[in-house]
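Visitor: Please show me the model. I would like to ask about a few residues.

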Amino acid sequence: QVQLVESGGGLVQTGGSLRLSCAASGRTFSRYAMGWFRQAPGKERAFVASISAYGTIHYADSVKGRLTISRDNAKNTVYLQMNTLKPEDTSVYYCAAGLTGGRNSYEYDAWGQGTQVTVSS
């Protein structure tokens, strides 16, 4: 099973940018759909973005135009470029891998430990 490690979180001011990375172990990374989810205190984990093994991309409406998901199969890494950040983007961000992928957390089999993103107003 693939193992995932996120990095790149931190504290940023409103309007700023961050790039999250998720490094995957294993030689079958290119077969997996990859997703980013986030969870704020007291809230359920929510879908942010996904990219299929074939490159099909989906975004949550709340992040369209500001966040960009991409993958580099040669580096076994998926990225989330976050621009024009808002205080409501403050959450722990998780990457996930699944053979089917999608907008639902149950469609993913492996999860990273999460990385904190805090956007100050």
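Guide: Strands are DSSP runs of E with at least two residues, numbered from the N terminus. This is a predicted model, where local features need pLDDT of at least 70, side-chain atom pairs count only at pLDDT 80 or more, and totals for chains, interfaces and linings use all residues. Residues are numbered from 1 along each chain as its sequence is written, and side-chain values use heavy atoms, with hydrogens and water left out.

Visitor: In which strand is Glu6 found?
Guide: Look at residues 4-7. Glu6 is found there, in strand 1.

Visitor: Which backbone nitrogen does the side chain of Glu6 reach at 2.8 Å?
Guide: A polar atom of the Glu6 side chain lies 2.9 Å from the backbone nitrogen of Gln113. At 2.8 Å, the side chain reaches the backbone nitrogen of Cys95.

Visitor: What is the phi of Asn76?
Guide: Most residues other than glycine have a negative phi. Asn76 lies in the loop between strand 7 (67-72) and strand 8 (77-82). Asn76 is not a glycine, yet its phi is positive, at about 50 degrees.

Visitor: Why does Asn76 count as buried?
Guide: Buried means under 20%. Asn76 counts as buried because its relative accessibility is 18%.

Technical notes:
Helix = DSSP H or I, 4+ residues; strand = E, 2+ residues; numbered from the N terminus. Buried < 20%, exposed > 50% of the residue type's maximum accessible area, 1.4 Å probe, protein only. Polar contact = N/O pair within 3.5 Å; in protein donor to acceptor, adjacent residues only side chain to side chain.
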